[in-house]
Structure formats: C-alpha cells, structure tokens
Amino acid sequence: MDAFDLFKKLSNGIRFNKKKFGAPSSGPQRPSETAVKVKEEEQWNAAEEWMKAGSEAESEEETEAGSNPNTALESDGSESDDDNSEEPDGDSGSSDDGSDSDMDEPSSNDAPITLLGSISADREGKTITAKKEKKIKAGKLSPEEKLKAQEEERVNIIRKKLRLSVSGGGVPPPIESFDDLRSQFKVSENLVNNLKKAGYSEPTPIQSQAWPVMLQNRQILACAPTGSGKTAAFLLPLLHNLRGARRDGIRAVIVSPTRELAKQTHRECIRLAENSGLNIHIISKVNLTNSKLSLERTNKFDILITTPNRLVFLLKQEPAVLSLKSVEWLIVDESDKLFEAGPRGFRDQLAAIYQACDSKNVKRGMFSATHGAHVAKWCKQNLKGLIAVTVGHRNTTTDKVQQELVFVGNEQGKLIAMREMISKGIQPPVLVFVQSKERAKELFTELLYDGINVDVIHSDRTQLQRDNVVKSFREGNIWVLICTELMGRGVDFKGVNLVINFDFPPSAISYIHRIGRTGRAGREGKAVTFFTVTDAPILRSIATVMRDSGCDVPQYMLDMKKTSKRTRRELENRAPERASVSTVPKFEKQKQERLERKIQNAKRKKKGLAPLPEKEKPKKDKKRVADNPLEETAQKKRKMSSGKHKKKSMLNNDDSGNGKSHSKKKSKHKSVKKD
Ligand SMILES: Nc1ncnc2c1ncn2[C@@H]1O[C@H](COP(=O)(O)OP(=O)(O)OP(=O)(O)O)[C@@H](O)[C@H]1O
C-alpha cells in the first residue's frame, strides 16, 4: 500500500473545504493540524463542508435562514447560487469507488496505522480517534466496546461497497436485502411482495440507506444518481409508515416539478401500494377546473401527489377544499429544482406548501440527483434531526452512460451530424433535447421529412397530446422523441439507449439530468452532445462533469477560462440565439402550411364545422397597414414628415451644434481666461 492509497483510506468519509485548505499555507500549518477532525456521523459541520465541496470555492452569499420556513426559503435563496452545481469539481468526497484493490486485502496485523500525527486508522481504513486508538493499543476495549467497534466496522464496509456517505446523528445501518425490511422494521409481507412483483430483487444503494432512515421516521436529504431508484426509496417507507387507509386527512404529500413526473410517481405509488387499501390521489387539471373537490372529499386521500402550482392553487381556494394539517410526511422530489427561485423555480410555492403542512409531527424528505450547498444548508438549519445520505459523488452523472462531445461547426452542422448518426445506425428509443419549443417543432418537421418515426413533446401541446406522446414512446411506437427541458428531470422511460443534446444544456446540472434519461436502473446508455462556439461558456463545466464520471475529455476544454457566475446565471435563464434548425425555404413552409390548412378546413367542412380562424401573421401590423390605404398614406406621411423633421433638425443641430460648440468653446475659453 503506497502513501496515496493509505491517504485515500484514511480520508474516507472526509471532505476538504477548498476555500480553507486550497489557499497556499501562510504559516507552519500542516494539513494534519487543520484538515481532518471528522467524526463522520456526528458532526454536522462536516456535512456542511462536505456538501459545499464542489462549489469551486466561491463565496456563498447566503443569508442565515431563520426558523420561519417562508422567510427561510426566501432569504436563503434569492442571492444564493447553486454554483457548485454549475461547476461541479472533481472532489470525490467520502465515498470511494472501491476500485482500490488493497481495500479488501485481508490483513493479519490488527494494529492501527498512524498517519500525520493525530489521525490514525485501522487496517480497514477507518479513522480512529486518539482516545479509542489508545484503548485499542492497550487492548483495553470492553467486550461491548469491541462488539460496537466490530459492528461499526461492518457498517462502514457495507457503506463503502455501496458508495454511501452519511451525515447526521445516529444514522441507522443500511439494509442489505428485502428480508431485512421484514426482520428489522416489520414491513408487511404484502409491501415486500409488491417490490418483488415490480421486478426488484434487492435494494439499490439509496434504498439500502434511505429506507432504514425513513422507517425510523427521520427526516432525510437524499442525493443519488439519476435512475438509481429514488422514487421507491421514498415510497416504501411512506407506505409502511401510513399503515393502511384512515381517510381522516391527507397524511403524505409528494411534490414533483412536472406533471409527467407526478404521473409517473403516482403510477409507481399505486403499483407498490397494491392491496394496502391506501387512497392515493394525483391532482389533475380536471380537479382544478371542476368544483367537485371539497374538504370532505380530499380528507379521504391518504397520499396526495402533485405539482407545486396545482397544490398552491387548491390551497388558496375559498372555502377551503384541501387541508394539509394532518400531513405526516412531505416529500420534495427533485428538491433542488423546487428550491430554485425565479420564474423557472418553485421556491415560493414550496414555501407555501411547507407552511401549510404545519402538524407537529410532520417529517420531510428531500430527494434529487443534484444538490447545491444552499439546499443542504437550509435543510440542516430547518429540519430537526436531519440525516443526509449521498450515493457516489455529488453532482455527477451516472457511470453507466458513455458520454461524447461532438463539435459540429455551426447550427446547420447539427442537422448534418444528426442525419449522419442516423444513417450509420442508432438504437432506438432515442431522446433528443433542444432548447425551446420552437426549435423542437422545427427539428420535428425536419426529421419527419426524413421518414423517421419521430414525435415531439413541449409545453405548447395539450395535456392529452403530451400524455399520448409519453405513452407511445413508452410502448415503443415512437422511436425518436424530441423534447425540451420539460422532460429533463425525473422521467423514467425504460431502456432509452441514446440521449442527444442537439442544443447544449444550459448548465452542468441540466446536463446531468438530461443524460440521466439513459443508463437507468443499472442499464448502459449513451449520450452525445453537439456544440458550437456559442456554447463555449458552459463547455468547461460539462467537460468537468464528464471527466468526473470517468470519461475522456480533451484537456483544452478543462483548461478553458472559467465563466463568471453572472454569465452562467444569464445563460441559464436565457438560451443563446441560434440559427433556425429548419432547412426548408420560408416560402415552401408557408406553402405547406396553406396546404395543411386547406386539408383541415375541408375536413371541418365535411363535419359541418366553421373553418379555422385566420392564423395571425407575425408581420401583421405591416399587412394591416398595407390593407388599409388610408392608414398607409397616413403612415407614409408621418414617416416623410419625421424624415424631413430629422433632416431639418439635423440642419438645425448642425447650426445649433456649431453654435453650441462655438459657445462651448467660448465658455471654455472664458473659463480658461477666468482661471
Ligand atoms: N430495487 C430496484 N431494483 C431494480 N430496479 C429498480 C429498483 N428500484 C427502482 N428500480 C427501477 O429503476 C428505475 C429508475 O428509478 P427511479 O425513476 O426511481 O430513479 P430516480 O433515482 O428517481 O431517477 P431520477 O433522478 O432521474 O429521477 C425505474 O425504472 C425503477 O422501476
């Protein structure tokens, strides 16, 4: 074992704050004195440092969160920035990849190894405090202490194997099989059978640790890679903890950022809750538009699954149609997204929901594949007895996805590259991400003409259309699905083989979620990302994420200048302007549109329906002017007179300008004279 291996073992479970330790040493400070003082499971400070790792050592301008959830949510975030998420760095943190072959080597020598003064470790690489070390050296451990130490060791080995890092007090050991659910937590046979019926044979790493935490009714902040089973990780403990239907108030709420994700969670919940008798409800658009919802009716729901906007809408109704006063569990899925402030985030809605769940016994669970330091900080400050669980490295992609960056020259190059990929052969199903619905529509038309089995999903489509597209894609009737950021998070399409980022993702976090639509549940996947010079500002972040997940990336990308926080924020909020995807000449497109319109109107006529209303032309004003000769003449006159006026004023300006400059000169002259 060389010094590096040894250090790796000893620092297992420890994160270094780059801010503190990255700076050149100003004095005789040795790393041993400053770096490691972590008693992992008991020191929340360590958790904070650890969650901060990856923040590129930028200052977090976060205000202290108060005890009021609303203020806390608001104050915490407006200025805070998920920077670490944008520029995740390579800090591996406490978890190890387990590739270290020395790790499992049996050792005949049980004596601890001493490294860097006060820190020491046993042969398994577990850090030992000086006091304990003394005791071990002296062979003074009582039989109970020995047993405890052995158990700790066993748990550490399991966590290491599963790449689990935990923070918080009294974290229960991870479970290793579904049998443990029965033997340790008395989970019903029915529930375990439902897991098996779903095709699951053993818990995934996040489930191994999140289940015992939540089954002990502890609040949790969970971060695990995309497609690693986080949904079942929070559903199973909910279903167990609620212990059957009660119908006297909503007892669990699950909030998801999109309707598609809420629907998917609802489906999974129904599947795992089979024969439990629990009343599981999803708020649909119909619920919002008809007035059938009443307090009496909603109180019969045991579990409510919803998007934040819909829930807040119902919470605001007078008289009340919904109460969250009996809620025992609030689950926030894709929690970093829900903590986001601004028009694309849900911070205000989350604050309202958080406040509405005001029972004394309410527990919260925050789940996502990515987390920023501000989410961790807020949770730590506001969620009593919180346990943080992370699988692998925070803010990295799953290692199941083979990733590739392709320079395509310019916007036209993207379509050429895509057609080339298709002609060489791709393995459907394929998801293609673009930055806007307009581009989604354009690309759809292009690929449709290529005869590809393609469809498109974006926010302009009706809920029914969206549902049908998702269904068709799931059933394999659509092979290539073009989508916007809408489908970037959480959505679980079985067996997506390839994700193409036709347009560069707006941030590294978006990249992680987008490519996480493939390589799910242990399957392999591939992700190809096109880029042009326009994408240079975010290239470094994405390249860093790729490098961290073990992909080869050219060094020049990693050496690129770091983009300022401000630019990154701007790029996240405003997509760069790009040349149209479409290769069809404009007049051809218009001809096509007219033809389609004719066909539709003919069909409508047959059905006795009125023809479609005239489509608004983008240059309507101009046309309206041309249609109205009086207005046209008036405008021409206005233009001419303004032109004349301009000319005149220019002349005047010239005059007066000269005059002015002259007078200026004069005054200057005067002032000089005065001086
Ligand atoms: N224990 C298990 N064994 C096998 N497959 C599982 C297990 N638990 C969940 N899955 C499957 O793994 C897939 C991904 O699960 P899920 O959608 O919960 O991932 P996720 O971690 O929430 O991903 P994302 O971060 O993208 O939302 C699903 O198809 C689910 O059915």
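Tutor: Start with how elements are counted. Helices are DSSP runs of H or I with at least four residues, strands are E runs of at least two, and both are numbered from the N terminus. This is a predicted model. Its chain comes to 29 helices and 17 strands.

Student: How much of the chain is buried?

Tutor: Buried means under 20% relative accessible area. Of the 675 residues in the chain, 48% are buried. The chain exposes about 34900 Å², and carbon and sulfur atoms supply 52% of that area. Among contacts between residues at least 6 apart in sequence, 76% join residues at least 24 apart.

Student: Which residues of α20 are buried?

Tutor: First the general idea. An α-helix has 3.6 residues a turn, so residues three or four places apart point the same way. Now the case here. Buried in α20 are Glu411, Gly413, Lys414, Leu415, Ala417, Met418 and Met421. Their cover includes β13 (430–433), α21 (437–449), β16 (498–501) and β17 (525–531).

Student: What caps the N-terminal end of α20, and what follows the helix?

Tutor: Asn410 is the cap: one of its side-chain oxygens lies 3.2 Å from the backbone nitrogen of Gln412. After α20 comes Gly425, with a positive phi near 110°. Read on into the loop between α20 and β13, where Pro429 sits. The peptide bond from Pro428 to Pro429 is cis, with omega near 0°.

Student: Where else is there a cis peptide bond?

Tutor: Look from Glu318 to Pro319, where omega is near -10°. Pro319 belongs to the loop between α16 (308–315) and β9 (329–333).

Student: Now positive phi outside glycine. Is Arg243 buried or exposed?

Tutor: Arg243 has a phi of about 45°. Its loop joins α12 (230–242) and β6 (252–255). Arg243 counts as exposed because its relative accessibility is 60%, and the cut-off is over 50%.

Student: And Glu334, buried or exposed?

Tutor: Glu334 has a positive phi too, near 50°. This residue is in the loop between β9 and α17. Glu334 is buried, with a relative accessible area of 6%. An N or O atom of its side chain is 3.3 Å from an oxygen atom of the ligand.

Student: How much of the ligand does the protein cover?

Tutor: On its own the ligand has 640 Å² of accessible area, and the protein covers 90% of it. Around the ligand are 20 residues, and the closest are Tyr200, Gly227, Lys230, Thr231 and Asp492. By class, the shell has four nonpolar, eight polar and eight charged residues. Backbone atoms take part as well. A polar backbone atom of Glu202 is 2.9 Å from a ligand nitrogen. A backbone N or O atom of Gly229 is 3.2 Å from a ligand oxygen.

Terms used: Residues are numbered from 1 along each chain as its sequence is written. This is a predicted model: local features need pLDDT of at least 70, side-chain atom pairs count only at pLDDT 80 or more; totals for chains, interfaces and linings use all residues. Side-chain values use heavy atoms; hydrogens and water are left out. A residue is near a molecule or strand if one of its heavy atoms lies within 4 Å of it. A polar contact is a pair of N or O atoms within 3.5 Å; within protein, one must be able to donate a hydrogen and the other to accept it, and residues adjacent in sequence count only if both atoms are side-chain atoms. Accessible areas come from the Shrake-Rupley method with a 1.4 Å probe; for residues, only the protein chains shown count as cover. Ala, Val, Leu, Ile, Met, Phe, Trp, Tyr, Cys and Pro count as nonpolar, Asp, Glu, Lys and Arg as charged, and the others, Gly among them, as polar. Buried means under 20% relative accessible area, exposed over 50%, partly exposed in between (1.4 Å probe, protein chains only). Contact means heavy atoms within 4.5 Å.
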